[in-house]
Structure formats: structure tokens, C-alpha cells
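Subject: Structure handover

Hello,

Here is the structure we talked about. Please open it next to this email and follow along.

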Amino acid sequence: MFRSSYILIFVLLVGAIAQRDKKFFRKDFKYIEETQSFYKIHTIAKNFEDANEMCEIEGAQLFYPNDDTEANAVISYWNLTQPFDVVFIGISSQIVNGVFETIDNIPISDVYNKWESGEPNNAGGEENCVQLKKNGVLNDVSCDYKYAFICKKTLASLQWNKYCHMPNMDYEYSERTGKCYKFHLKPANWAEAYAKCSWEQGYLAVADSQTEADYLKEITEKAPKDNIKEDYLSGAVLLGFHNRGVKLEDSGYSTWGNAQPDGGAKEKCGSMFYNGQLNDINCDSKALFICEHDVDILGSLFDERFAALETTTETAVNV
Ligand SMILES: *[C@@H]1O[C@H](CO)[C@@H](O)[C@H](O)[C@H]1NC(C)=O
């Protein structure tokens, strides 16, 4: 018994060290060695602006090919995995009509620019965005149309948050709770907040204990809330409980604010007053919110980046 656990631990450590260089961004992105970058093909069509925003939320950028090599590599992957024929790319002429630039302001002449013959034609004077077709050519289209799109992250731009075991540097580790948090200053309704947290690989925060409730209250107080221009319901931040999922009483912290919950069927979503007490809220109300990300200390050894490790471990056990 002693011997086998000894061997197991040894293999784990060796495995972890051996895998340390493995290139990893997020589970949903695919690394392409040729271009030293990670890609994710989004199959739900979005307009240009929303596609752009989605990639940013995922910590990436709306893809455009830099050159022939990248166009070929990415289209090959696309051909292998998806049926649709066109994607939006991160090039537009929204600033000056007819002058196409990448989303990071590089003139199109300096990147891949194989237009389809007769394009760009700015049909109807409305075509300020660009689609890439499977056969490798570009065409100008309206930015309001919806297409699939691809997000890209270069290996060179990848930063690893080693305290939180994730690529997002906005998350902060709390020693008191052993978890990571990000306070969002862009107001959202409950469903949007829930989705944003999960796109960031977190979840809408829930207080599991008095300690965590105190911590959430503290980061809420400290957050720079004064300069938010948008309209939103101030005084409460959205939290990840609602009147269907996790029963609040089972979550470890259920101190309601004075006379709360009071909204009945109109207020089915969860929030916390800035003073740390819980409040039911209308699911359509826009408010600030907190995302949370679990950090499993042992999990750092079993980090997704080290996925090959588990195979190694099993082999060791069988021996
Ligand atoms: C991808 O598929 C299209 C359409 O079938 C084809 O024209 C193109 O050559 C393929 N490109 C690559 C790089 O595989």
C-alpha cells in the first residue's frame, strides 16, 4: 500500500513537470502549432459588434488571417469541423467608409487581403464589415448581418493567472475563501451576468459562508462604482442564486436584508445589498455583479493544461 502510493505520487510529480510546457489557453480553444495561436469557432451567428464582444469576454480577439499560412491553417481546421461557408472576421471600415482596417488598427494591405473578384463593392453603401469564405476569399457585407465567427488568442499574448489557474488576469485570489473573484462594473441583468461569468470560465458568485459573504461585501464596497455612465439599479450586486436552483438555506449563508425576500413572482433572481445582506431582485434589472472561479489546490496538479497527466496516473496504478 505504502509503496504504491509512493510510486503514484512520484509519477504525478514527474508528470506535472513534464507537462508544464503544454500549451493551453482554455478547453474550448484549439491550438494550431503553425501559427502559435489558439482558435475557437463560434457556431452561433452574431453581428459584427457582438462577435467582437464575445471574443473579448473570452479573453481573445475576433480572428482575421495575418497571411496565407494562417488563412490556410485556420480554414483547414474549419473545413474539418464545421459545415458553414462564411465567417465574420475582425476587419471593418466602420471608422472611415471604404478604408478597411483590422480591429487592432492595421491597414488591410498589411494582412491577408485576398478579395473575391469584384469585391469590396460596398453594395448599397452599407458594407463596412468583412466575411471570409471557405474557399479563402474576402467579401464586404453589412455589419448588422449575423454570421459564425472565430476567436483567436496568440500564444505570445497569453498571460496565466497562476493564483487562480486561469488565463484571466482580472480575477483576484482571496486567501480567506480560497477562491478567485472578478467584480464587473458593466451592469447586466441576471441572465446576462450568469452567461458572462460562464464565458469567462467562472460562475455568478454565491456566498457559501459568512466569511465569503463578508468578502463579497468588502469587494463591493471597494469597487470603483462612481464612474459608471449606464443606467442600472444601484445598491445591490447580482449573485448566483435564484428561486429555482440552489436552495439558499443549503448554501451556507442566507442572511436576508430587512423584510426580504419581498418580490414574490416578480423578483425571482438573487442579489446582495451593498451591506452584504441578501435580496431578491427582478431578473430584468440591470445591476453590477461578481463572478467567482474555484481554485482547487490539488487541482493545480490536475489542471486541464495537464490533461495527459491522468492517463499517466492510471498507468501507474495498474502497474
Ligand atoms: C476548404 O473547403 C473549401 C470548400 O470545400 C475548399 O475550396 C478549400 O480549398 C478548403 N481549404 C482548405 C485550406 O482546406
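Where is Asn122 found? Asn122 sits in the loop between S5 and S6. Keep in mind that this is a predicted model.

Phi of Asn122 is positive, near 45 degrees, and the residue is not a glycine. Most residues other than glycine have a negative phi. Asn122 has 13 C-beta neighbours inside 10 Å, so it counts as partly exposed. Pro120 lies in the loop between strand S5 (101-102) and strand S6 (129-133). A cis peptide bond joins Glu119 and Pro120, with omega about 0 degrees. Most peptide bonds are trans.

**Two other backbone spots**

Look next at Gln260 and Pro261, which are joined by a cis peptide bond. Here omega is about -5 degrees. Pro261 belongs to the loop between strand S12 (236-242) and strand S13 (269-273).

Then go to Gln201. Its phi is positive, near 75 degrees, again in a residue other than glycine. Gln201 is in the loop between helix H4 (190-199) and strand S11 (203-204). Is Gln201 buried or exposed? Gln201 is buried, because 20 other C-beta atoms lie within 10 Å, and 20 or more is the cut-off for that class.

**The chain as a whole**

The secondary structure comes to six helices and 15 strands. The chain has 319 residues, and 34% of them are buried.

**The ligand**

Which residues surround the ligand? They are Asn72, Ile75, Ser76, Asn79, Lys134 and Asn135. By class, this shell has one nonpolar, four polar and one charged residues.

**Helix H2**

H2 covers residues 48-57. Its buried residues include Phe48, Ala51, Asn52 and Cys55. Seen down the axis of H2, the buried residues fall within an arc of 100 degrees, so they line one face of the helix. The spacing is worth a thought. An α-helix has 3.6 residues a turn, so residues three or four places apart point the same way.

What covers the buried residues of H2? The cover includes strand S2 (37-46), strand S3 (61-62), strand S4 (86-92), S6 and strand S8 (147-154). After H2 comes Gly59, with a positive phi near 80 degrees.

**Helix H5**

H5 runs over residues 210-222. Its 13 residues should span 18 Å at 1.5 Å a residue. The end C-alpha atoms are 18 Å apart, so the two values agree.

Which residues of H5 are buried? Glu212, Ala213, Tyr215, Leu216 and Thr220 are buried. They cover an arc of only 160 degrees around the axis, which puts them on the same side of H5. The face turned away from that buried side carries the exposed residues Gln210, Glu221 and Lys222. The buried residues of H5 are covered by elements including strand S9 (172-174), S12, S13 and strand S15 (287-294).

Please send any questions back to me.

Best wishes

Conventions:
Residues are numbered from 1 along each chain as its sequence is written. This is a predicted model: local features need pLDDT of at least 70, side-chain atom pairs count only at pLDDT 80 or more; totals for chains, interfaces and linings use all residues. Helices (H or I, at least four residues) and strands (E, at least two) are DSSP runs, numbered from the N terminus. A residue is buried if 20 or more other C-beta atoms lie within 10 Å of its own, exposed if 12 or fewer, and partly exposed in between; C-beta atoms are placed from the backbone. A residue is near a molecule or strand if its C-beta atom, placed from the backbone, lies within 6 Å of it. Ala, Val, Leu, Ile, Met, Phe, Trp, Tyr, Cys and Pro count as nonpolar, Asp, Glu, Lys and Arg as charged, and the others, Gly among them, as polar. The arc is that of the directions from the helix axis to the C-beta atoms. Two residues are in contact if their C-beta atoms, placed from the backbone, lie within 7 Å. The expected span of a helix is 1.5 Å times one less than its number of residues.
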